Amino acid sequence: MSSSKNAFITIVGRANVGKSSLLNKLIGEKIAAVSNKPQTTRTKITGVLTQGETQYVFMDTPGMHKPKNKLSDHMVKTISDAVSDGEIIMLVADCTKKISENETNLIKSFKASRMKTILVLNKIDLLDDKSKLISKINEYTELYDFDEVIPISVHENDGIDTLMESVTKYAAPGPHFFPDDAITDQPEKVIMAEIIREKALCNLSEEVPHGIAVTIETLKERDNRNGEGVLDISAVIYCERDSHKGIVIGKGGAMLKKIGSDSRAELESFFQIKVNLQCWVKVKEGWRNREGIIRNFGLSDK
Ligand SMILES: Nc1nc2c(ncn2[C@@H]2O[C@H](COP(=O)(O)OP(=O)(O)OP(=O)(O)O)[C@@H](O)[C@H]2O)c(=O)[nH]1
Ligand SMILES: [Mg+2]
């Protein structure tokens with residue numbers, strides 16, 4: 001009889017606590033966009049790790065927030081669906097921040113289910129006084145009886161092994177639903193668009209990043225004159241207003257050039273091939289409130 005096991009883990013929490021950073025760390029590859037801007041993640045992102053007999057399927061989700069537009073409605077729906085589908089829930093929290101209403105609402109939604117819950121207190125590298133961690137743990141455990149509480153720092157790779165050990169306890173006998181060498185089920189084009197969106201988020205400030213979406217228009221592999229493989233990618237960066245378009249392009253095109261060169265470097269390292277990237281900027285007025293466009297961008301929860 002096969003001893004194959006699987007574990008399905010849903011990663012939730014408020015924005016900016018490090019959920020996607022944790023997903024990338026757990027699977028050992030950067031598949032999810034990370035930035036210091038809240039609401040970086042917009043959809044459910046599946047990361048897969050197979051170790052020996054056990055296959056772990058991690059589901060990263062958008063940060064819990066109060067919906068502000070139709071895109072937000074989809075994001076919040078994605079979170080609640082992921083919680084109700086989850087077998088093991090990791091609530092990721094920032095140990096330097098006060099508990100927020102978004103977190104207490106999320107925690108309330110755990111109560112109806114029989115899933116295992118792990119409280120993951122991230123960013124312990126930022127704590128100068130470790131005794132603050134104890135009181136933070138108490139604040140959370142007063143709200144909910146978590147099965148496990150694990151302090152970690154994704155940046156310092158601290159506590160990650162302990163976290164994996166506790167997840168492993170809850171793995172159940174069952175098949176592997178993904179090939180053992182899979183890391184994600186996201187299509188290549190989505191990974192490419194997310195790399196470019198992340199570079200735009202990281203380079204732009206304030207209101208502009210939130211209204212950005214990226215699509216890959218064409219993708220072609222060819223050999224260059226030296227016989228090396230080259231990937232030609234053309235991408236469109238959408239923003240919500242004409243004034244934002246100017247900001248994304250920047251003075252003399254400097255901002256777009258920077259986003260493009262940062263993106264190209266990461267695309268080349270991820271796909272292990274030379275990349276020739278062309279980025280265009282277009283405006284889709286107020287797209288975050290337009291259902292059809294949200295769906296076309298692949299950002300609908302359905
Ligand atoms: N100091 C510190 N910063 C961290 C750590 N983990 C993540 N961060 C930073 O926290 C910020 C948010 O990280 P993300 O992984 O994008 O957070 P998220 O929870 O996925 O955010 P949303 O997708 O917006 O919900 C980034 O600037 C990360 O570099 C950590 O262990 N320590
Ligand atoms: Mg994220």
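Predicted model: local features only at pLDDT ≥ 70, side-chain atom pairs only at ≥ 80, totals over all residues.
Biologist: How many residues of domain 2 are in contact with domain 1?

Modeller: The domain assignment places domain 1 at 5–173 and domain 2 at 188–296. Their centres, taken over C-alpha atoms, are separated by 28 Å. Contact here requires C-beta atoms within 7 Å. On that criterion, 11 residues of domain 1 meet domain 2, and the number on the domain 2 side is 12.

Biologist: What is the make-up by class of the side of domain 1 that touches domain 2?

Modeller: The contacting set in domain 1 numbers 11 residues. By class, this side has two charged, four nonpolar and five polar residues.

Biologist: Is helix 1 mostly covered or uncovered, and how many of its residues are buried?

Modeller: Helix 1 spans residues 19–27. Its buried residues include Leu22, Leu23, Leu26 and Ile27, and Lys19, Ser20, Ser21 and Asn24 are buried too.

Biologist: Which element gives the largest share of the shell around ligand 1?

Modeller: Ligand 1 is surrounded by 24 residues, and the closest are Gly18, Ser20, Ser21, Thr41 and Gly63. By class, the shell has 14 polar, seven nonpolar and three charged residues. The largest share, three residues, comes from helix 1.

Notes: Residues numbered from 1 in each chain as written. Chains lettered and ligands numbered in written order. Domains from an automatic or database assignment. Contact = placed C-beta atoms within 7 Å. Nonpolar A, V, L, I, M, F, W, Y, C, P; charged D, E, K, R; others polar. Buried ≥ 20, exposed ≤ 12 C-beta atoms within 10 Å, placed from the backbone. Helix = DSSP H or I, 4+ residues; strand = E, 2+ residues; numbered from the N terminus. Near = placed C-beta within 6 Å.
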